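Dear colleague,

Please find below the structure that I am handing over to you.

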Amino acid sequence: MTNDKTKNLDRIDLTILDVLQKDGRISNSELSKRVNLSASPCLERVRRLEQCGYIERYGAFLNASKLKYGMSAFIQVTLDRTTADVFNEFRKQVITIKEVSECHMVAGGFDYLLKLRFENMEAYRVLLGVIVELPGVSQTHTYVVIDHVKRHSGIPVLE
């Protein structure tokens, strides 16, 4: 299925994106073999995909447990008012908390959904104390993750 964002991408571009999101350390030589191109045109396509913003960055998936961030939780946050100044102040403060790995403004019964990474329940209690004191927070609900069923699946670029 092709949409406006991918209408200028052909099957080779989409395959390059799929391979790179699964293995960002793949050599250009190996990538070119997987997409059936010679090395130079393959590298040109990767550079174009980077320049056009299809590839935002490269990275590594770290073992959270070994780095003492093995537990995770999601917190629904409801603000006391839904005004621009309250949203802006909350955003400004929440991005400074290193244990907040993701923060999403959502539509529905609450305002933000936060994903937290922490070592243990004691660390969580301290972290929750920080979050409930953020500007405008009126209510929170926490969901501690018991098991990661599916993670790091990437963007589905191939049909």
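**Surface and overall form**

The chain exposes about 11100 Å², of which carbon and sulfur atoms supply 51%; accessible areas come from the Shrake-Rupley method with a 1.4 Å probe, and for residues only the protein chains shown count as cover. Please note that this is a predicted model, in which local features need pLDDT of at least 70, side-chain atom pairs count only at pLDDT 80 or more, and totals for chains, interfaces and linings use all residues. Residues are numbered from 1 along each chain as its sequence is written, and side-chain values use heavy atoms, with hydrogens and water left out.

The radius of gyration of the chain, taken over C-alpha atoms, is 20 Å, whereas a compact globule of 159 residues would have a value near 15 Å (the globule rule is 2.2 Å times the number of residues to the power 0.38). Along the principal axes, the C-alpha atoms fill a box of roughly 55 × 40 × 25 Å. Of the 159 residues, 28% are buried (under 20% relative accessible area; exposed means over 50%, and partly exposed in between, with a 1.4 Å probe and protein chains only).

**Elements and helix α4**

The chain has 5 helices and 4 strands, in the order α-α-α-β-α-β-β-α-β from the N terminus on. Helices (H or I, at least four residues) and strands (E, at least two) are DSSP runs, numbered from the N terminus.

Helix α4 (residues 84-94) has the buried residues V86, F87, F90 and V94. Seen down the axis of α4, these fall within an arc of 100°, so they line one face of the helix; the arc is that of the directions from the helix axis to the C-beta atoms. The face turned away from the buried side of α4 carries the exposed residues A84 and D85. The cover of the buried residues of α4 includes β1 (71-79), β2 (100-105), β3 (112-118) and β4 (137-144).

**Individual residues**

T78 is found in strand β1 and counts as buried, at 18% relative accessibility. Leaving aside neighbours within four places in sequence, T78 is in contact (heavy atoms within 4.5 Å) with G109, F110, D111, G136, V137, S138 and Q139.

Two loop residues may also interest you. N36, in the loop between α2 (28-34) and α3 (39-51), has a positive phi near 60° although it is not a glycine, and is exposed with a relative accessible area of 69%. K68, in the loop between α3 and β1, is likewise a residue other than glycine with a positive phi, near 65°, and counts as exposed at 54% relative accessibility.

Yours sincerely
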